[in-house]
Amino acid sequence: MEEWKSILTGAGIGSFLGFIVAVALYSTLNNDGSVYLIYVGMLIGALLGIRYRIKVNASAYSFPFGFAVTVILAGIWMVRDVKPTEVYLFLAAVMTIMLFIKSEGLLDMFLVPITYFGGFTVAMLAFKGYQPLQEMEGAVVSLFVVGVMGAILAFFAVFARWAFTKAKKIPLR
């Protein structure tokens, strides 16, 4: 059985929920330590993914994909400035790659943006406090664009594949 897909999906959902709780607590407590709830959520989600297996495919791939895209873009920002057109190329790559990944159903399809954003939040937390990246004009904004828009475009790519697959089954008249 492909339990690793449930584990990755659970980790993505958990890190997303950890992010939501961290944002809620940060605004009330003003505590920087609450952002580590992202890691706690990721761990709890992965453990729940081991215990409760769900049949997923696209959402399992979108979690490490969101992480990888964010890390690669941050790595490029550490070396040189990134132009806005290059950020849009990253978004085009996200959508193109996600077009090739088949979803297992509607649940899997709707979990894609959540797990992609979960991977993005884990990657952003890894760069928390890295001053050279924070001081570059446009770096954090472009990373958030790739994170948020990437999650939305990943969903639309998986949805488009699902729609095209369903449309092929409609008989021509």
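E104 has a relative accessible area of 36%, so E104 counts as partly exposed (buried means under 20% relative accessible area, exposed over 50%, partly exposed in between, with a 1.4 Å probe and protein chains only). This is a predicted model, in which local features need pLDDT of at least 70, side-chain atom pairs count only at pLDDT 80 or more, and totals for chains, interfaces and linings use all residues. Residues are numbered from 1 along each chain as its sequence is written, and side-chain values use heavy atoms, with hydrogens and water left out. Below is a quick tour by topic.

**Salt bridges**

- The count comes to three salt bridges (a side-chain nitrogen of Lys or Arg within 4 Å of a carboxyl oxygen of Asp or Glu).
- E104 pairs up with K55 in one of them, at 3.9 Å from N to O. This pair ties together distant parts of the chain, 49 residues apart: E104 sits in the loop between α4 (84–99) and α5, while K55 sits in the loop between α2 and α3. Helices here are DSSP runs (H or I, at least four residues), numbered from the N terminus.
- K55 is exposed, with a relative accessible area of 69%.
- R53 and E3 make another bridge, with their closest N and O atoms 2.5 Å apart. Here too the partners come from distant parts of the chain, 50 residues apart, with R53 in the loop between α2 and α3 (58–79) and E3 in helix α1.
- R80 bridges to E86, and their closest N and O atoms are 3.2 Å apart. R80 is partly exposed, at 41% relative accessible area.

**Helix α2**

- Helix α2 covers residues 37–51, and its 15 residues should span 21 Å at 1.5 Å a residue; the end C-alpha atoms are 21 Å apart, which agrees. The expected span is 1.5 Å times one less than the number of residues.
- Its buried residues are I38, G41, G45, A46 and G49. Looking down the axis of α2, they fall within an arc of 135 degrees, so they line one face of the helix (the arc is that of the directions from the helix axis to the C-beta atoms).
- Those buried residues pack against α1 (3–29) and α5 (106–126), where contact means heavy atoms within 4.5 Å.
- On the face turned away from the buried side, α2 carries the exposed residues L43 and R51.

**Two residues of helix α1**

- S15 belongs to helix α1 and is buried, at 0% relative accessibility.
- Not counting residues up to four places away in sequence, S15 touches I38, G41, M42, F63, G118, G119, T121 and V122.
- F19 is also found in α1, and its 23% relative accessibility makes it partly exposed.
- Leaving aside neighbours within four places in sequence, F19 is in contact with I38, F117 and T121.
- F19 and G118 are 99 residues apart in sequence, yet 7.8 Å apart in space, C-alpha to C-alpha.

**A nonpolar surface patch**

- F144, V148, M149, I152, F156 and F159 form a nonpolar patch on the surface, with about 490 Å² of accessible area together.
- F144 is found in helix α7 (residues 139–168) and is partly exposed, at 38% relative accessible area.

Methods
Patches are made of residues with over 30% relative accessible area and no salt bridge: like charges are joined within 9 Å, nonpolar side chains (Val, Leu, Ile, Met, Phe, Trp, Tyr) within 5 Å. Accessible areas come from the Shrake-Rupley method with a 1.4 Å probe; for residues, only the protein chains shown count as cover.
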